[in-house]
Amino acid sequence: QVQLVESGGKLVQAGGSLRLSCAASGRTFSSYAMGWFRQAPGKEREFVAAISWSSDTTYYVDSVKDRFTISRDNVKSTLYLQMNSLKPEDTAVYYCHAPAGLPTGFVEVWGQGTLVTVSS
């Protein structure tokens, strides 16, 4: 069963950078796409970025394009989110996500989240 554990969230000043990591258990990490979502206080969880299993395709929500970069290391079974030029509106709990499919037992998998706070 796939389990996801995020890390790297902390308090950072506006304009700063941060890299989030998501460690996946299991030996099937390289066979499925992965994504990052975030949930700001009082708001719905929203999509941030996604990456294909081979890293050849990535997607971003418009608000983070040209500032955030999603990547993965299939040898280390780890997903990353490099966040640059952070803004106060990026403050949220960030979650990594694996969509439902054969590698995950046909259930979507979420990590526990890591808090990013951007001060103005």
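The backbone nitrogen of V118 lies 2.9 Å from a polar atom of the side chain of T91, a polar contact being a pair of N or O atoms within 3.5 Å, where within protein one atom must be able to donate a hydrogen and the other to accept it, and residues adjacent in sequence count only if both atoms are side-chain atoms. The model is predicted, with local features requiring pLDDT of at least 70 and side-chain atom pairs counted only at pLDDT 80 or more, while totals for chains, interfaces and linings use all residues. Residues are numbered from 1 along each chain as its sequence is written, and side-chain values use heavy atoms, with hydrogens and water left out.

**The loop between strand 8 and strand 9**

T91 is found in the loop between strand 8 and strand 9; strands are DSSP runs (E, at least two residues), numbered from the N terminus. With a relative accessible area of 18%, T91 is buried, the term meaning under 20% relative accessible area, with exposed over 50% and partly exposed in between (1.4 Å probe, protein chains only). Not counting residues up to four places away in sequence, T91 touches A40, P41, V116, T117 and V118, contact meaning heavy atoms within 4.5 Å.

D90 counts as buried at 1% relative accessibility. Leaving aside neighbours within four places in sequence, D90 is in contact with R38, R67, F68, S85, V116 and V118.

| Side chain | Backbone atom | Distance |
|---|---|---|
| T91 | oxygen of P88 | 2.9 Å |
| D90 | nitrogen of K87 | 2.8 Å |
| D73 | nitrogen of V75 | 3.0 Å |

Strands of a sheet pair through backbone hydrogen bonds, either parallel or antiparallel. In this model an open sheet of four strands has the order 1-3-8-7, with antiparallel pairing; two strands pair if DSSP finds at least two bridges between them. Strand 1 (4-7) and strand 7 stand at the edges with a single partner strand each, so one side of each is left without a neighbour in the sheet. From one strand to the next, the twist averages 15°, where axes are lines fitted to C-alpha atoms, for helices over the stretch in contact, and angles run from 0 to 180 degrees between N-to-C directions.

Strand 1 and strand 3 are joined in the antiparallel sense over four bridges, and L4 stands opposite A24 in strand 3. Strand 3 (residues 18-24) pairs with strand 8 over six bridges, also in the antiparallel sense; here L18 has M83 in strand 8 as its bridge partner. Strand 7 (residues 68-73) and strand 8 likewise form an antiparallel pair over six bridges, in which R72 stands opposite L79 in strand 8.

The hairpin of strand 7 and strand 8 has four residues between the strands, and S77 takes a positive phi near 55° there. D73 lies in strand 7 and is partly exposed, with a relative accessible area of 23%. Not counting residues up to four places away in sequence, D73 touches F29, T78 and Y80. The C-alpha atoms of D73 and E44 are separated by 29 Å, the two residues being 29 residues apart along the chain.

**The disulfide**

One disulfide is counted, defined as a pair of cysteine sulfur atoms within 2.5 Å. It is formed by C22 and C96, whose sulfur atoms are 2.0 Å apart. This pair links distant parts of the chain, C22 in strand 3 and C96 in strand 9 (residues 92-98), 74 residues apart. The torsion about the S-S bond of C22 and C96 is about 50°, so the disulfide is right-handed. C22 is buried at 0% relative accessible area, and C96 is buried at 0% as well.

**The nonpolar core**

In soluble globular proteins, nonpolar side chains tend to be buried together. A nonpolar core is here a set of buried Ala, Val, Leu, Ile, Met, Phe, Trp, Tyr and Cys residues joined through side-chain atoms within 4.5 Å. The largest such core has 29 residues, and those with the most contacts inside it are L4, M34, W36, L79, L81, M83 and Y94. Among the elements that give two or more residues to this core are strand 3, strand 8 and strand 9.

Strand 8 (residues 78-83) is mostly covered, with five of its six residues buried. M83 touches residues including L18, L20, F68, Y94 and V116, not counting those up to four places away in sequence.
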